[in-house]
Amino acid sequence: MGKAKGIGKKHWFWNLIIVLTIVVVLVAFMAHYKNWTRINPDSIEILSGIYHTELHYSEIDSVLMVPKIPSLERVNGFSAFQKEKGVFRDSLSDTEVYIYVDRLSQSKIKLVYQDSLKVFLNFADSTETALMYQFLSNKINPLEGETGQK
């Protein structure tokens, strides 16, 4: 009987490790689950888990809607289901590309800033992506956005 009591007490450590691991995985999943944006008067911040980019409107050179992301080399990041997040490298121009994509099958906003750096962004909701595209287009080309001409 002495052995039976000792067996249950030895497993508390491993049970704690399993519970902590599950909690950490759930927190990481929730942090990367969607793209979070903060609109400031002079910039936009994009946050998804450990990835964060702040873009000043004055440094954005172009805003385009594109159907897919070009082939890139992953520096760090991940792909899971329809999501793609992280820092990638464009081997042709040897520049970093930041990707915040919640749904690969939908159109993405391609932002070029500081003449060569690129950000690809979309949201799970295509309407939210379209609204963000319109907002950013109006910020860098206010006259075109108001008149609807390009």
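Three strands form an open sheet in the order 1-2-3, with antiparallel pairing. Strands here are DSSP runs (E, at least two residues), numbered from the N terminus. Two strands pair if DSSP finds at least two bridges between them. Strand 1 (36-39) and strand 3 (51-56) are the edge strands, and each pairs on one side only. From one strand to the next, the twist averages 15°. Angles run from 0 to 180 degrees between N-to-C directions, with axes as lines fitted to C-alpha atoms.

This is a predicted model: local features need pLDDT of at least 70, side-chain atom pairs count only at pLDDT 80 or more, and totals for chains, interfaces and linings use all residues. Residues are numbered from 1 along each chain as its sequence is written, and side-chain values use heavy atoms, leaving out hydrogens and water.

Strand 1 meets strand 2 (residues 43-48) over four bridges, in the antiparallel sense. Thr37 stands opposite Ile46 in strand 2.

Next comes a hairpin. Strand 5 and strand 6 form it, with two residues between them. Phe81 sits in the turn and has a positive phi of about 55°. Strand 5 covers residues 73-80 and strand 6 covers residues 83-90; seven bridges pair them in the antiparallel sense. Arg74 stands opposite Phe88 in strand 6.

Thr95 touches Phe88, Arg89, Asp90 and Ser116 (heavy atoms within 4.5 Å), not counting residues up to four places away in sequence. Thr95 lies in strand 7 (residues 95-101). Thr95 counts as buried because its relative accessibility is 11%; buried means under 20% relative accessible area, with a 1.4 Å probe and protein chains only.

Notes:
Buried means under 20% relative accessible area, exposed over 50%, partly exposed in between (1.4 Å probe, protein chains only).
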